[in-house]
Amino acid sequence: HNFDPSQGDSPHSEVDRSASGIGDVILRTKYRILSDDEEHPGFAVVGRIKLPTGNADDLLGTGETDILGLMVLSKSFGDFTPHLNLGYEVSTDSELSNLRYVVGFDHALLSTLTVALDFLGRWEPAGDGIGDHVVDAAAGFKWNPVGDAIVSAVVQVPVNRNEGIRPDLIWTLGVEIPF
């Protein structure tokens with residue numbers, strides 16, 4: 001977007017507002033069809049439905065229903081496991097329907113520490129020319145300090161920074177404790 005001050009268009013705007021409440025609800029399932037073995041890679045399918053239960057005007061949801069189908073392939077070579085995810089997401093807003101892909105690997109450095117690198121992509125064939133093919137890189141680790149507990153950290157950065165409006169860095173920290 002080019003801002004034209006003579007038209008009253010400004011690159012700066014401020015709003016002091018807050019909202020809270022339930023966002024969109026996501027229902028997800030995964031089914032393993034083949035286990036990774038010496039003859040073939042592991043193969044699974046993922047299904048996801050996003051229901052527009054959040055208020056889009058308050059930025060608590062998108063206002064669209066999305067259905068995603070995804071195939072997942074992975075093959076272990078000792079401690080190194082490359083993977084490929086490929087699928088298509090259909091949205092009630094046809095301009096938002098898109099091809100999704102993830103290419104990357106996990107590598108177990110120790111029995112309690114795994115590192116990962118992924119390239120995540122989303123391509124909107126019917127897009128408007130702004131952010132139609134977004135590619136990000138994500139790097140992180142999972143650490144198992146004790147028992148079944150998992151500590152994870154991931155950073156995600158844009159690969160093609162000029163495609164759409166995106167943050168320079170997204171970070172995630174997580175702790176999983178099964179009970």
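**View 1. A hairpin joins β4 to β5 through 6 residues.** This is a predicted model, in which local features need pLDDT of at least 70, side-chain atom pairs count only at pLDDT 80 or more, and totals for chains, interfaces and linings use all residues. Residues are numbered from 1 along each chain as its sequence is written, and side-chain values use heavy atoms, with hydrogens and water left out. Strands (E, at least two residues) are DSSP runs, numbered from the N terminus. β4 and β5 run antiparallel and share 10 bridges. Two strands count as paired if DSSP finds at least two bridges between them. Look for L84: V103 in β5 stands opposite.

**View 2. One aromatic pair turns up in a search of the whole structure.** Rings of Phe, Tyr and Trp (its six-membered ring) pair if their centres lie within 6.5 Å; planes under 30 degrees apart are stacked, over 60 edge-to-face, and the rest tilted. How far apart are the centres of the F80 and F105 rings? The distance is 5.1 Å, and the planes stand at 35 degrees, so the pair is tilted. F80 belongs to strand β4 and F105 to strand β5, so the pair ties together parts that are 25 residues apart in sequence. Relative accessible area under 20% means buried, over 50% exposed, and in between partly exposed (1.4 Å probe, protein chains only). F80 is partly exposed, at 32% relative accessibility. F105 is partly exposed too, at 25%.

**View 3. S91 sits in strand β4.** Is S91 buried or exposed? Its relative accessibility is 9%, so S91 counts as buried. Contact means heavy atoms within 4.5 Å. Setting aside neighbours within four places in sequence, S91 touches E64, T65, D66, L96 and S97. One of these contacts, D66, is also the bridge partner of K50.

**View 4. β3 and β4 form a hairpin with 5 residues between them.** In the turn, G78 has a positive phi of about 70 degrees. The two strands run antiparallel, and 9 bridges join β3 to β4 (residues 80-91). L73 has L84 in β4 as its bridge partner.

**View 5. L59 lies in the loop between β2 (42-51) and β3 (66-74).** Most residues other than glycine have a negative phi. The phi of L59 is near 60 degrees, a positive value in a residue other than glycine. L59 is exposed, with a relative accessible area of 78%. On either side of this loop, β2 and β3 pair in the antiparallel sense over 9 bridges. In β3, D66 is the bridge partner of K50.

**View 6. A hairpin of 2 residues links β5 to β6.** Strands β5 (residues 98-110) and β6 (residues 113-123) pair antiparallel over 11 bridges. Which residue of β6 stands opposite R100? It is R122. Further along, D106 has A116 in β6 as its bridge partner.

**View 7. An open sheet is built from 9 strands.** Their order is β1-β2-β3-β4-β5-β6-β7-β8-β9, with antiparallel pairing. β1 (25-34) and β9 (170-176) stand at the edges; each has a single partner strand, so one side of each is left without a neighbour in the sheet. From one strand to the next, the twist averages 15 degrees. Here axes are lines fitted to C-alpha atoms (for helices over the stretch in contact), and angles run from 0 to 180 degrees between N-to-C directions. Strands of a sheet pair through backbone hydrogen bonds, either parallel or antiparallel.

Conventions:
Helix = DSSP H or I, 4+ residues; strand = E, 2+ residues; numbered from the N terminus.
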